[in-house]
Amino acid sequence: QVQLRESGGDLVQAGGSLRLSCAASESISSFESMDWYREAAGLRREWVASISRGGVIDYADSVRGRFTISRDNAKNTLYLQINNLKFEDMAVYYCHASRDYTNYWGRGTQVTVSS
């Protein structure tokens, strides 16, 4: 019954910025971890960033320094601030949450990068 819904994806010029949002149907503090993944056309879905219930944050090497993951517990929303967009960032971005070894996924939001 957990639902995650991403928003904020858009067509943005290389070097630009976006903020993605993931609205959850229940308290995000109930999740042991929340994550952002992305899936580029023809490629495997890859992990991008995570934040644990205790606030521990980690990033994939490819996005560290450019992406910032954050959350607003009161709004049940996870965010991903994307700066200095590169062509390789173009993908469908998915919100993920885990609890008791159960994984929940959103439907994704498209980030397109133009020259």
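## A buried cysteine

C95 is buried, because its relative accessible area is 0%; buried means under 20% relative accessible area, exposed over 50%, and partly exposed in between (1.4 Å probe, protein chains only). C22 also counts as buried, at 0% relative accessibility. A disulfide joins C22 to C95, with S to S at 2.0 Å; the term covers a pair of cysteine sulfur atoms within 2.5 Å. The pair links distant parts of the chain: C22 sits in strand β3, C95 in strand β9, 73 residues apart. The link is left-handed, with -75° about the S-S bond. A search of the whole structure finds one disulfide.

## Basis of the model

This is a predicted model, in which local features need pLDDT of at least 70, side-chain atom pairs count only at pLDDT 80 or more, and totals for chains, interfaces and linings use all residues. Residues are numbered from 1 along each chain as its sequence is written, and side-chain values use heavy atoms, with hydrogens and water left out.

## Overall fold

The protein has zero helices and 11 strands. Helices (H or I, at least four residues) and strands (E, at least two) are DSSP runs, numbered from the N terminus. Along the sequence the pattern reads β-β-β-β-β-β-β-β-β-β-β.

The C-alpha trace spans about 40 × 25 × 25 Å along its principal axes. The radius of gyration is 13 Å, which agrees with the value near 13 Å for a compact globule of 115 residues. That radius is taken over C-alpha atoms, and the globule rule is 2.2 Å times the number of residues to the power 0.38. Of the 115 residues, 45% count as buried. The protein exposes about 6,200 Å², and carbon and sulfur atoms supply 44% of it. Accessible areas come from the Shrake-Rupley method with a 1.4 Å probe; for residues, only the protein chains shown count as cover.

Contact means heavy atoms within 4.5 Å. Among contacts between residues at least 6 apart in sequence, 53% join residues at least 24 apart.

## Nonpolar core

The largest nonpolar core has 31 residues, and those with the most contacts inside it are L4, M34, W36, L80 and Y93. Such a core is a set of buried Ala, Val, Leu, Ile, Met, Phe, Trp, Tyr and Cys residues joined through side-chain atoms within 4.5 Å. Elements giving two or more residues to this core include β3 (18-24), β4 (33-39) and β9 (91-99).

Leaving aside neighbours within four places in sequence, L4 is in contact with several residues, among them C22, M34, C95 and W105.

R38 is found in strand β4. R38 counts as buried, at 4% relative accessibility. The R38 side chain makes a polar contact of 3.5 Å with the side chain of S62. Another polar contact, of 3.0 Å, joins the side chains of R38 and Y93. A polar contact is a pair of N or O atoms within 3.5 Å; within protein, one must be able to donate a hydrogen and the other to accept it, and residues adjacent in sequence count only if both atoms are side-chain atoms. Not counting residues up to four places away in sequence, R38 touches residues including R45, E46, E88 and D89.

E26 is found in the loop between β3 and β4. The E26 side chain makes a polar contact with the side chain of R99, at 2.5 Å.

## T68 in strand β7

T68 lies in strand β7. T68 counts as partly exposed, at 40% relative accessibility. Leaving aside neighbours within four places in sequence, T68 is in contact with Y59, Y79, L80 and Q81.
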